[in-house]
Amino acid sequence: MGNCGVKENEREKNYRKRAPPAAIQMRGTRPVIRKDMIGWMDAVAAWIAKNCTSNYCISYDWDPELWSAMYEAGFAVISSNHWGNIVVTPKLHCERMISNLSRELHISKKHAKSIRQHNFIFSVNTNLEETMDRIVQQHGENWLYPPVQKVFKELNQLNKHKVRVISIEIRTNGKLVAGELGMILGCCYSSLTGFADVAAYPGSGTLQIIALATLLKKCGYRYWDLGMHIQYKEDFCTTILTRGEYLPAYRQFRELKPDYRLDALADSPVSDFLKRPAAPAPAVANPRSKNQMKKEAKLARLRSQKECRITDEAITPSPSSSGR
């Protein structure tokens, strides 16, 4: 009887994973995400992907556990100011730019020169709050309102939630000159928002992205979500995927574990992550190449013909000697 109870619970659990979500309320064209959907969030995302054309949903709940569940299901959770009220606007992009980190990213000579001049230091998650302050300083609050920052600080705590929000930083002489906020889950990393002081430190934003890509690959991450399509992201070996393509891939890689913890990195010079590819060695001519063998054969024939002429002249009597 007890065993039957266990089987029934497993059957119910599997059904809940496959079942359609509870009735989803709509506000205009936007589905409303509620806290009671935490256990159904994958099904909610699947229903929205199939039935909604809008990128945005809406929620009125600031519970970090709900935010963690939404990130886990593939939402990019941001916020908006609706007539003076800050509301949560989870985003399930119709298209996203994804990198599988299979290709190496290299820097230009210009950026390599900038590294030598400024001695940039790359670090992970040493100061989340400072990174958020610099982002707001450059871009305004945009969607990074104080309630969002509060949730991110909660999600930054290690091993408290399934997902973790961290900061990526580039410094020089102790000053934070570029950085971003990212979300990690399994072998997936999602870029959320960032800044770069390109006026004072040209190329610092590009250096931060390339250093991050190199670190992700070294740590064994397999899925890098760069969010909505923007032209500059095409330079980082990305592919545009639809909801039907990126959601299954994300759910696959979120279940895997990376080789190393991304947030365990100590401060390191950016140059350690941005090695320029070595120049290819000059091609060495093969002394027995096909063309050279032809030349050698031709020279050998010429030498043979010359020797034959010399021999013939030596053994053939001249006309004057034959007269005598």
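Throughout these legends, a residue is called buried when its relative accessible area is under 20%, exposed when it is over 50%, and partly exposed in between, as judged with a 1.4 Å probe and protein chains only. The structure is a predicted model, in which local features need pLDDT of at least 70 and side-chain atom pairs count only at pLDDT 80 or more, while totals for chains, interfaces and linings use all residues. Residues are numbered from 1 along each chain as its sequence is written, and side-chain values use heavy atoms, with hydrogens and water left out.

**View 1. Overview of the protein chain.**
The protein chain contains 10 helices and 12 strands, where helices (H or I, at least four residues) and strands (E, at least two) are DSSP runs numbered from the N terminus. Of the 324 residues in the protein chain, 44% are buried. Where contacts (heavy atoms within 4.5 Å) are made between residues at least 6 apart in sequence, 70% of them join residues at least 24 apart.

**View 2. Aromatic pair of Trp67 and Phe152.**
Rings of Phe, Tyr and Trp (its six-membered ring) pair if their centres lie within 6.5 Å, and planes under 30 degrees apart count as stacked, those over 60 as edge-to-face and the rest as tilted. Seven aromatic pairs are found in a search of the whole structure. One of them, formed by Trp67 and Phe152, is edge-to-face, with 6.2 Å from centre to centre and 85° between the planes. This pair links distant parts of the chain, since Trp67 belongs to helix α3 (residues 64-73) and Phe152 to helix α6 (residues 146-155), 85 residues apart. Trp67 is buried at a relative accessible area of 0%, and Phe152 also counts as buried, at 0% relative accessibility. Ring pairs join Trp67 and Phe152 with Trp62 and Trp143 into a cluster.

**View 3. Aromatic pair of Tyr223 and Phe253.**
The ring centres of Tyr223 and Phe253 are 6.4 Å apart and their planes lie at 40°, so this pair is tilted. Because Tyr223 lies in strand β10 (residues 223-225) and Phe253 in helix α8 (residues 243-253), the pair ties together parts that are 30 residues apart in sequence. Tyr223 is buried, with a relative accessible area of 2%, and Phe253 counts as buried at 13% relative accessibility.

Strand β3 (residues 76-82) and strand β4 run antiparallel and are joined by seven bridges, two strands being treated as paired if DSSP finds at least two bridges between them. Within this arrangement, Ile78 stands opposite Thr89 in β4. The hairpin has two residues between the strands, and Trp83 takes a positive phi near 50°. Both strands are mostly covered, for six of the seven residues of β3 are buried, as are five of the seven residues of β4 (residues 85-91).

**View 4. Open sheet of eight strands.**
Eight strands, in the order β11-β5-β10-β9-β8-β7-β6-β12, form an open sheet whose pairing is mixed. At the edges stand β11 (239-242) and β12 (268-269), each with a single partner strand, so one side of each is left without a neighbour in the sheet. Strand β5 (residues 95-99) pairs with β11 in the antiparallel sense over four bridges, and Glu95 stands opposite Thr242 in β11.

**View 5. Helix α7 and the residue that follows.**
Helix α7 (residues 204-219) has 16 residues and spans 22 Å from its first C-alpha to its last, close to the 22 Å expected at 1.5 Å a residue, the expected span being 1.5 Å times one less than the number of residues. Since 13 of the 16 residues of α7 are buried, the helix is largely enclosed by the rest of the structure. Gly220, which follows α7, has a positive phi near 95°.

Asn51 is placed in helix α2 (residues 41-51) and is partly exposed, with a relative accessible area of 44%. Its side chain reaches the backbone oxygen of Trp47 at 2.8 Å. Gln149, in helix α6, counts as buried at 13% relative accessibility. Leaving aside residues up to four places away in sequence, Gln149 touches Met132, Asp133, Val136 and Leu144.

Notes:
A polar contact is a pair of N or O atoms within 3.5 Å; within protein, one must be able to donate a hydrogen and the other to accept it, and residues adjacent in sequence count only if both atoms are side-chain atoms.
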